[in-house]
Amino acid sequence: MLDENLPTFFFRRSSDNALLRVLFLTQNGSEPAPEYSLQKIDPNLPQSRNKYAVALGDASFPDVIFGEVCIEPEFQQPALSAAEARQANGAPPLPIPLIPDGFTIQLYNPEQQVAVKGEKSTWTGKESWEFDIPQQSFPLPSASRIDREQTNPVASALSPKILFKWKRDSKFSKDMTCYMIGTSVGGRKSKDPDITIAMYKHSREPYVTIYEPNLRRLDIEDRKGLEVVLLLGAEVIREIYLSPSRDSFNIVPPNRRKNSRPTPTSSASPTHTHFMTSGLGNIPPAKASSPITQQPTPPLDAETKRLQALVQQEEREREKQDREEQKRIKRMLEEEEKERKRRDAEVAKETERLRKQFGMEGQDFGPKPNLPPRTHFGAGPGSQLQPPVPPPRPLSAEPRPHHSGGGLGGWFHGLGTSPGAPMELGYGYGNSQAGPSSGRRRGGSADSGKVQKKKSTFF
């Protein structure tokens with residue numbers, strides 16, 4: 001429950017009558033009290049066949065009806081496959097009801113019809129149902145007889161109306177919210193921001209909460225009529241669109257006779273029954289296009305015989321095809337076995353011919369040849385593993401001969417010519433005491449013990 005202070009109607013089943021639901025009202029934290037009764041049509045009545053009807057009346061006085069809904073869907077005969085026809089044993093299938101896109105709620109005192117139109121969003125897949133309520137529902141009091149004889153202002157197409165819409169909360173949820181989405185004046189609709197009016201919660205005990213603070217923003221005379229439309233519309237949408245069932249339309253089986261009497265039902269205690277005026281009472285004659293109520297019995301029997309004959313013929317054809325398929329498979333296996341035996345005989349014959357022509361000579365290869373023994377390193381007691389000797393280097397790879405003096409040769413080919421010779425440092429090639437052509441020198445033998453004075457151009 002959203003808030004215990006808001007008016008909330010709980011849909012509870014009656015323990016005495018399975019077709020009756022009682023709506024309990026709670027507000028401002030009060031205990032739930034019966035306010036309305038929701039009565040469905042009796043499926044045993046002849047006028048209830050192939051239709052859905054429900055009425056909302058007073059809980060204390062069942063004869064007082066506030067509003068009702070009657071839906072007569074169109075039916076489509078399904079096309080059965082051969083397997084489904086065999087499973088049904090030739091009996092004609094039940095027709096499939098085509099659920100309409102909308103329905104009409106009939107209100108009484110004053111009489112008013114509220115059309116509810118359903119639509120589905122192609123982008124989100126969410127369903128919604130839109131309806132409108134006129135702002136002026138009651139005629140103005142007047143002493144003139146002409147004014148009293150005028151038509152109801154509700155029937156005028158130019159009267160201003162307020163637009164409402166039931167929106168499904170999500171594609172996978174059965175909860176709904178009713179919004180006020182705009183107004184309509186003279187057939188021109190104006191879009192307004194959505195204003196929450198009511199919320200429906202689907203559970204084991206579904207309930208509708210009226211958001212009373214936003215009702216003050218609605219300029220509507222018939223507040224009671226709006227409440228009846230919200231409660232009755234939520235129940236019809238739940239049972240027809242959110243949780244559809246074949247039993248909702250009381251579909252009559254085709255093999256049932258048209259003038260068959262309903263079976264009498266007994267109840268432990270007498271219950272009140274609604275007498276709906278348009279949905280159950282004054283029922284117009286059935287349409288001639290109805291394939292269920294107007295179809296006579298002889299065509300049904302002929303159709304049943306035709307279907308049974310068709311099923312039997314299909315079974316005989318299927319058995320014949322199975323026998324032919326088994327014979328074909330058996331013949332194919334026999335041919336494969338004959339081909340295998342023929343190939344085995346040819347192989348044996350060719351083998352025998354070759355054996356007689358060449359005999360068995362040459363197939364015995366004799367003993368193995370005597371190979372020299374392998375040499376194993378380290379096999380003797382004093383032998384050791386030695387690394388392999390590399391091949392001799394060519395003469396071009398020998399080191400370049402060098403002088404006894406320093407130079408670059410002293411860095412790469414040893415420091416000194418003999419083990420006891422001192423190491424000489426020098427720069428350039430050749431002897432360290434070479435002339436001026438040997439390059440720049442940092443120190444020689446003549447200047448080894450002297451410090452030369454730096455010459456400058458400034459000091």
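Glu339, Arg342, Arg343 and Glu346 are linked in a network of salt bridges. A salt bridge here is a side-chain nitrogen of Lys or Arg within 4 Å of a carboxyl oxygen of Asp or Glu. The structure holds 19 salt bridges.

A word on the source: this is a predicted model, where local features need pLDDT of at least 70, side-chain atom pairs count only at pLDDT 80 or more, and totals for chains, interfaces and linings use all residues. Residues are numbered from 1 along each chain as its sequence is written, and side-chain values use heavy atoms, with hydrogens and water left out.

Next, Glu205 and Arg12, whose side chains meet in a salt bridge at 3.0 Å, N to O. Glu205 sits in the loop between β13 (188-201) and β14 (207-210), and Arg12 in strand β1 (residues 8-13), so this pair ties together parts 193 residues apart in sequence. Strands (E, at least two residues) and helices (H or I, at least four) are DSSP runs, numbered from the N terminus.

How far apart are the closest N and O atoms of Asp194 and Lys167? They are 3.0 Å apart, in a salt bridge. Asp194 belongs to strand β13 and Lys167 to strand β11 (residues 161-168), so the pair ties together parts that are 27 residues apart in sequence.

Glu227 also forms a salt bridge, with Lys224, the closest N and O atoms being 4.0 Å apart. Both residues lie in helix α4 (residues 223-242), three residues apart, about one turn of the helix.
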